[in-house]
Amino acid sequence: MATPRSAHRLALAAAGAAALGLLAPAAPGAAADVRYEPGAAGIGDPYFPDLGNGGYDVKRYHLKTAYEPGTDQLTGTATIRATATQNLSRFNLDLYKLNVRSVRVNGRDAPFARTGERELEITPPRGLRKNSPFSVVVRYDGVPQTLSGPIIFDLPYGFLHTRDGATIVSEPDGASTWFPANDHPSDKALFTIETTVPRGLKAIANGRLVKKWSAHGKDTFLWREDRPMAPYLATNSIGRFNVSTTTTGTGVPQLDAVDPEVASDPDSLSTPRNTTRAVDELSGYFGAYPFGSTGSIIENNAVPPLNVDNALETQTRPTYQKQPIEKGVVHEISHQWFGDSVSVRRWKDTWLNEGFAVWVEWYWAEKHGGQPARASFQKFYDDPPSMPPGRPAFWDVVVADPTRDQIFHRAIYFRGAMTLQALRQKIGDERFLRLVRTWVAEHKYGNATTEEFEALAEKISGQDLDPFFKVWLHTPGKPTTW
Ligand code: TRP
Ligand code: ZN
């Protein structure tokens, strides 16, 4: 969602420019020299060639959906505001399987085609001029599909069914299971998520609950996330929930939604409490909490066939598929800085998310009477997790280029965290924490790469760290000297 530089100035000159054909380039005979080309069907991520799309930059999604757990039908109208980054004759959105009923671009019907499982190819009636804003309205419906595969260790993700509704946990490529998206973290946008469900159920999404209303036996919930968000971090959990609200010590509004079966466990109070503590305490270490709200969504997937205890750092409000323990909350809240505010530029860099989140768990333990992070490092260094058959052994993964199916391998988490702890010990606590705080501040609401992290570490430490990062991040095998 980079800001359009020239759009405003162009608008000021609109009357004259329009007369010259500059703003209405598709008019026959006008601006014959302007060439329009299709946007790419992928945003250029080498691990996921189909993900995201080229040629435009989304500013805002307004997702208006209705979901019926009884029939599993989702009906949606997505209004997307974007800016062209090239002269566009055609562009794509990602949408997994669902039926498209109509597409409008700038208020006019636009022809569209499905090309492949998740590409929606749209031809606006007039070419879209580089730097000009445009709107797309997609009406769609169908039964949303759950994804699974080697990337998430064959666990279900994307649109998931729960006993009383649904939940959505989309990392890395599942956003298109429920809305048409430019599904890549390098195109963040603001979100309004408006959901209609049968009365008695709730829809819990990201950000602030702006309003809710009832009509015709249904309830509608309107949520707004007003800080840039990657599409995979958008969520919408539908079902029965006990909702509680509070404010953290640093003044962040908090909303926790707990499945009633989980809520009957007295332990369920621990997650809202741990969320408050983590938001406040991590703000002290890494700089102010980056978002306008926090909280949790706790599902009850403890019963087969679901029985998944995964959690995802959905922005502002992590989604836990089961009641988490304290370190699970610390992990997901730490992702609000590392992953959600500072996001990967390409999926090969997931260690920047997961390595940090695990390192923060270690740091938290150290600060709370547990073992020091250097002991956690030693434990994993001496005795790394064993991997299931078919997975590379722990020390065989190249952390900064693990291949697509290993972006959530244990090595990304634990060798990633070990890299940070080894760096802390090499450059010293004071410089390391300054590095982390600078990292978070420089890339706030943005995207970053391993190369940028390495460069910043060298700048702040004043050391040549190439040999260090080569051993830890770019070479397979257990590091012995660094
Ligand atoms: N990022 C998650 C974590 O906190 C792991 C994860 C990746 C995940 N993809 C997912 C969890 C999909 C649930 C669903 O470690
Ligand atoms: Zn994580």
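Predicted model: local features only at pLDDT ≥ 70, side-chain atom pairs only at ≥ 80, totals over all residues.
I started with the domain assignment, an automatic or database one: the protein chain splits into domain 1 (56–334) and domain 2 (345–473). Residues are numbered from 1 along each chain as its sequence is written, chains are lettered from A and ligands numbered from 1 in the order written, and side-chain values use heavy atoms, with hydrogens and water left out.

Next, the domain interface. I found 27 residues of domain 1 in contact (heavy atoms within 4.5 Å) with 29 residues of domain 2. The buried area (accessible area, 1.4 Å probe, lost on putting the two parts together, summed over both) is about 2700 Å², 64% of it from carbon and sulfur atoms. Phe153, Tyr285 and Phe286 supply 26% of what domain 1 buries against domain 2, more than any other three residues. I looked for salt bridges (Lys or Arg side-chain nitrogen within 4 Å of an Asp or Glu carboxyl oxygen) between the domains and got zero.

Then I went to the zinc ion (ligand 2). His331 (NE2), His335 (NE2) and Glu354 (OE) coordinate it at 1.9 to 2.0 Å; donors are N, O and S atoms within 2.8 Å of the metal (3.2 Å for Na, K and Ca), and sites may look incomplete because water is not among the atoms. I wrote down the donor spacing as H-x3-H-x18-E.
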